[in-house]
Structures are given as structure tokens and as C-alpha cells.
Amino acid sequence: FPQRAAGDTERLRELAETADGRLGAWTLACTLGVLAAANPSIGETTMLSILERVIILKSAGIFAAVPDNLLAAVAAATDEVLLRRGEQLFAKGDLGQELYVIVSGSMRIHDGNHTLNRLRAHEVFGEMALLDARPRSASATADEETLLLRLRQEEFFELLEDHGAIARGVIQVLS
């Protein structure tokens, strides 16, 4: 998962094309690329650029209705979690206060040895924890090396205070 250069237009084009062919994805990619080039500190301490995070979030169902111009704020509020194969992210009963988007790899959602679901790239889990912190109903373990974007409840609530359209977009998808 190497750091990407802000001017890597071929990579940006590939990422934009993977965002389900949305017409605005390439425009958004260009706009964010210009912002990143103008502000070299963006993404310095992360492996994924803000642009890459926006495109990943846009392709994840829960953020599909969030306006493109606000996804950069959501992307900036996320951090990355890298798991090794077999590493447990959380256990059933742990307090849940984070949503996760799979960037690459896969996750097994399970209750003990019983597999409830297997999730792949661009799928979301833990979304209800953003709205109501409760104990996790299942465990989550990486099937392979997996990179996740994590959005914590505290950062999500701060975004909601400033950008009501984010709440409307997320609630629309959850309902």
C-alpha cells in the first residue's frame, strides 16, 4: 500500500473509473488532485491520499447519497487500519463506536466458529455503531491482509454538526 503522489493522474483515472462509472468521479478526482498539489501536507502521515479515500467512500453504499463536495470532509476524518491475516479487529461484546470500509482484502464476520458473513473491498460494516454505541453483536477477523478505513463516532458527530447533508445521505441509505 505505497503512498501515492498527488500528480499520479493515471492512478487517479483508474480510481475514478472504479467508482461505479459515476460521471462526477473524474471531475471530483481532478479537483481533489489540484487541492492536494496546492497543499502538500495533505496525506503526509497516511498511506492513502484524501482523493483515494473519497473515491473508496463514494463506492461504498452508505456514502453514495452524500454530496461529492462533502465526501472530502468525511475522508479526512477517517484513519487507516491494517490487519494481518487472522487478526481480530473486534470481538462480540466489545463496545462499538466505529464504522469500517474495506479498502482491500476481506473480513469474516462471525459468532465463535459460525461465519455470518464475508465482506470484500468497498463493503461497509459497523455502521450502526456510528449512531448508537452498543456492544458488538459479532466478531470481525481478517481473512487475509486487509486495509480498512475507520470512521469513529466522535468524528462522525462533529461532521454532522457542520454538514447536515452528510446525515441526510447516510440516513437515507440506512433506512
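1. Start with the surface. The accessible surface of the protein chain comes to about 9000 Å², and carbon and sulfur atoms own 51% of that area. Keep in mind that this is a predicted model.

2. Now the chain as a whole. The protein chain has 175 residues, and 43% of them count as buried. Seven helices and ten strands make up its list of elements. Look next at contacts between residues at least 6 apart in sequence: 71% of these join residues at least 24 apart.

3. Four strands form it, in the order E2-E9-E5-E6. The sheet is open, and the pairing is antiparallel. Which strands stand at the edges? They are strand E2 (88-90) and strand E6 (114-119). Each has a single partner strand, so one side of each is left without a neighbour in the sheet. From one strand to the next, the twist averages 30°.

4. Go to the pairing of E5 with E9. Strand E5 covers residues 107-111, and its antiparallel pairing with E9 runs over four bridges. Take histidine 110 as an example. Its bridge partner in E9 is serine 139.

5. Stay with serine 139. This residue lies in strand E9, which spans residues 139-142. Is serine 139 buried or exposed? Its relative accessibility is 7%, and buried means under 20%, so serine 139 counts as buried. The side chain of serine 139 has a polar atom 2.9 Å from the backbone nitrogen of lysine 92. What else does serine 139 touch, leaving aside residues up to four places away in sequence? The list is Gln88, Phe90, Ala91, Lys92, Arg108, Ile109 and His110.

6. Next, the aromatic rings. How many aromatic pairs does a search of the whole structure find? The search finds four.

7. Tyrosine 100 is buried, as is phenylalanine 125.

8. Last, a loop residue. Where is threonine 78? Its place is the loop between helix H4 (68-77) and strand E1 (79-83). Threonine 78 has a relative accessible area of 8%, so it is buried. Not counting residues up to four places away in sequence, threonine 78 touches Arg53, Leu149, Arg150 and Leu151. Compare sequence and space for threonine 78 and leucine 99. They are 21 residues apart in sequence, and their C-alpha atoms are 9.6 Å apart in space.

How values were computed: Residues numbered from 1 in each chain as written. Predicted model: local features only at pLDDT ≥ 70, side-chain atom pairs only at ≥ 80, totals over all residues. Heavy atoms only, no water. Helix = DSSP H or I, 4+ residues; strand = E, 2+ residues; numbered from the N terminus. Buried < 20%, exposed > 50% of the residue type's maximum accessible area, 1.4 Å probe, protein only. Contact = heavy atoms within 4.5 Å. Areas by Shrake-Rupley, 256 points an atom, 1.4 Å probe, with all protein chains shown as cover. Polar contact = N/O pair within 3.5 Å; in protein donor to acceptor, adjacent residues only side chain to side chain. Pairing = 2+ DSSP bridges. Axes fitted to C-alpha atoms, helices over the stretch in contact; angles between N-to-C directions. Phe/Tyr/Trp six-rings, centres within 6.5 Å; stacked < 30°, edge-to-face > 60°.
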